[in-house]
Amino acid sequence: SLVMCGTALFLCEVLQGVVEDPRTPHDLRVWVYTWYGSASKSLWTLFLITFSGGWPSYAQRLVGEVDWTYSLFFFIYVWVVVFAITRIITALFLKDTLQAAREDAEMMAGEQRAAKENS
C-alpha cells in the first residue's frame, strides 16, 4: 500500500503540468484530471490498475498522447506490483496446502497406530 500511495503522489505531481498546460487538448486535460488530478483520484486509479487487470485503459492515453516514457513507468509498476501480489497469493496458497498435507499425514499416522493397537 505504501508503494501505491507513493506512486499515486508521484503521478499526481508529474501530471499537474499536463492538466495546467493550455496547449494540451481539452479532452486530454479533462481525462488526466479525472483519473490523476488529485492524490485520491490517482490512488483510486492505481487501485484499479493493480486489482482490475484493466491497466492499459488507464495508461494508454498517457503513453500515446502525453509522453512515451510513461510506458516505462507503467511497465515497471505493473511488473513489480503484479509480481509481488502473485508471489504473496502463491505463498498463502502454498502455506494452506502444506498445512492441510501435514494434518492429513498426522491423521493417517494416528489411524495406523489405532489400527495396530486394535489388532
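## A salt bridge between Asp 21 and Arg 23

Asp 21 and Arg 23 form a salt bridge, with their closest N and O atoms 3.2 Å apart. The term salt bridge is used here for a side-chain nitrogen of Lys or Arg within 4 Å of a carboxyl oxygen of Asp or Glu. Side chains of opposite charge can pair when their charged atoms come close. Asp 21 is buried, at a relative accessible area of 19%, whereas Arg 23 is exposed, at 74%. Buried stands for under 20% relative accessible area, exposed for over 50%, and partly exposed for the range in between (1.4 Å probe, protein chains only).

A word on the model before going on: it is predicted, so local features need pLDDT of at least 70 and side-chain atom pairs count only at pLDDT 80 or more, while totals for chains, interfaces and linings use all residues. Residues are numbered from 1 along each chain as its sequence is written, and side-chain values use heavy atoms, with hydrogens and water left out.

How many salt bridges does a search of the whole structure find? There are three. One of them joins the side chains of Arg 61 and Asp 27, at 3.1 Å from N to O. This pair links distant parts of the chain, since Arg 61 sits in helix H4 and Asp 27 in helix H2, 34 residues apart. Helices are DSSP runs (H or I, at least four residues), numbered from the N terminus.

Arg 61 also forms a salt bridge with Glu 65, where the closest N and O atoms are 3.0 Å apart. Arg 61 and Glu 65 are four residues apart in helix H4, so about one helical turn separates them. Shared partners join Asp 27, Arg 61 and Glu 65 into one network of salt bridges. Asp 27 is partly exposed, at 47% relative accessibility, and Glu 65 is partly exposed too, at 45%.

## The nonpolar core

Now for the inside of the model. The largest nonpolar core has 22 residues, and those touching the most other members are Leu 15, Val 32, Tyr 36, Ile 49, Leu 62 and Phe 74. Each of H1, H2, H3, H4 and H5 supplies at least two residues of this core. A nonpolar core is a set of buried Ala, Val, Leu, Ile, Met, Phe, Trp, Tyr and Cys residues joined through side-chain atoms within 4.5 Å.

Val 32, found in helix H2, is buried at 0% relative accessibility. Not counting residues up to four places away in sequence, Val 32 touches Leu 15, Val 18, Val 19, Gly 37 and Leu 62. Contact means heavy atoms within 4.5 Å.

Trp 31, another residue of helix H2, is buried, with a relative accessible area of 14%. Beyond residues up to four places away in sequence, Trp 31 touches Tyr 36, Ser 57, Tyr 58, Arg 61 and Leu 62. The C-alpha atoms of Trp 31 and Ser 57 are 12 Å apart, although the two residues are 26 residues apart in sequence.

Thr 7 lies in helix H1 and is buried, at 11%. Leaving aside neighbours within four places in sequence, Thr 7 is in contact with Leu 46, Phe 73 and Tyr 77. Thr 24 sits in the loop between H1 and H2 and is buried as well, at 12%.

Helix H5 covers residues 70-118. Which residues of H5 are buried? They are Tyr 70, Phe 73, Phe 74, Tyr 77, Val 78 and Val 81. These buried residues pack against helix H1 (2-20), helix H2 (26-36), helix H3 (39-52) and helix H4 (55-66).

Trp 79 also lies in helix H5, but Trp 79 counts as exposed, at 56% relative accessibility. Together with Phe 75, Ile 76 and Val 80, Trp 79 makes a nonpolar surface patch of about 460 Å². Such a patch is made of residues with over 30% relative accessible area and no salt bridge, with nonpolar side chains (Val, Leu, Ile, Met, Phe, Trp, Tyr) joined within 5 Å. Accessible areas come from the Shrake-Rupley method with a 1.4 Å probe.

Definitions and conventions
The expected span of a helix is 1.5 Å times one less than its number of residues. Patches are made of residues with over 30% relative accessible area and no salt bridge: like charges are joined within 9 Å, nonpolar side chains (Val, Leu, Ile, Met, Phe, Trp, Tyr) within 5 Å.
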